[in-house]
Amino acid sequence: MTKFVKKSEISSSWYEIDAKNAIVGRLATIISKIIRGKNKNTYSPHMDDGDFVIVTNIEKIKFTGSKYQNKKYYRHTGYPGGIKEITPEKLYEKNKPAEVLKLAVKRMLPSGPLAKKQLTKLKIYTGENHPHGTQNPTMLELSKLNNKNLIRN
């Protein structure tokens with residue numbers, strides 16, 4: 001018999017990730033699994049059972065290869081011929097490095113109202129400091145999960 005978790009039984013924990021020298025795609029997959037709750041044995045695809053993720057040092061995130069200049073993010077304005085494109089390099093120039101990671105995580109979640117609610121559990125900050133110290137977040141070491149998660153200099 002399958003046991004489903006009730007809303008009252010759900011408990012969320014907090015994780016902190018230092019994005020210094022982290023590869024965008026690998027970091028986004030780790031974050032999306034935690035936000036959806038796939039790292040728990042009580043995972044249900046129809047419930048918001050995920051945990052909160054705090055990402056610091058987002059300005060020091062890295063791309064592999066020439067994706068920094070060549071990767072394109074597309075969006076549509078809703079008008080005929082209204083397709084717009086932007087590269088990660090231009091997002092950095094506009095001082096929006098958090099948008100790069102947010103777009104990557106958003107596109108790894110299923111579309112719908114549940115995904116929008118789950119995306120609010122992602123907190124992204126530039127620099128080392130964040131206002132969530134009282135939640136006592138658990139530090140996640142990306143290099144211990146897989147040594148390919150960080151750019152090797």
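# Close-up views of a predicted model

**Figure 1. Asp51 forms a salt bridge with Lys40, with 2.9 Å between their closest N and O atoms.** The two partners are 11 residues apart and link distant parts of the chain, although both Asp51 and Lys40 belong to the loop between α1 (24–36) and β2 (52–56). A salt bridge is a side-chain nitrogen of Lys or Arg within 4 Å of a carboxyl oxygen of Asp or Glu. Asp51 has a relative accessible area of 1% and is therefore buried (under 20%; exposed is over 50%, partly exposed in between; 1.4 Å probe, protein chains only). The model is predicted: local features need pLDDT of at least 70 and side-chain atom pairs pLDDT 80 or more, whereas totals for chains, interfaces and linings use all residues. Residues are numbered from 1 along each chain as its sequence is written, and side-chain values use heavy atoms, without hydrogens and water.

**Figure 2. Lys40, Asp49 and Asp51 belong to a network of salt bridges.** Besides its pairing with Asp51, Lys40 meets the side chain of Asp49 in a salt bridge, at 3.7 Å from N to O. Asp49 counts as buried because its relative accessibility is 3%. In total, the structure holds three salt bridges. Side chains of opposite charge can pair when their charged atoms come close.

**Figure 3. A salt bridge joins Asp48 and Lys121.** The closest N and O atoms of Asp48 and Lys121 are 3.3 Å apart. Asp48 is in the loop between α1 and β2, and Lys121 is in the loop between α5 (113–119) and β5 (122–124), so the pair ties together parts 73 residues apart in sequence. Both Asp48 and Lys121 are buried.

**Figure 4. Ile35 is a buried residue of helix α1.** The relative accessibility of Ile35 is 0%. Leaving aside residues up to four places away in sequence, Ile35 touches Asp48, Gly50, Asp51, Val53, Val105, Gln118, Leu119 and Leu122 (contact means heavy atoms within 4.5 Å). Among these neighbours, Leu122 is 87 residues from Ile35 in sequence, while their C-alpha atoms are 7.4 Å apart in space. Across the chain, 69% of the contacts with a separation of 6 or more are between residues 24 or more positions apart.

**Figure 5. Lys67, Lys71, Lys102, Lys106, Arg107 and Lys116 form a positive surface patch.** A patch joins like charges within 9 Å, or nonpolar side chains within 5 Å, among residues with over 30% relative accessible area and no salt bridge. Arg107 lies in the loop between α4 (97–106) and α5, and its relative accessible area of 49% makes it partly exposed. The chain has 29 positive and 13 negative side chains, and the centres of the two sets are 6 Å apart (Lys and Arg count as positive, Asp and Glu as negative; charges are placed at NZ, CZ, CG or CD).

**Figure 6. The chain has six helices and six strands.** Along the sequence, these elements follow the pattern β-α-β-α-β-β-α-α-α-β-β-α (DSSP runs of at least four residues for helices, H or I, and at least two for strands, E). The C-alpha atoms occupy a box of roughly 50 × 45 × 30 Å along the principal axes. Of the 153 residues, 37% are buried. The chain exposes about 9700 Å², of which carbon and sulfur atoms supply 51% (Shrake-Rupley method, 1.4 Å probe).
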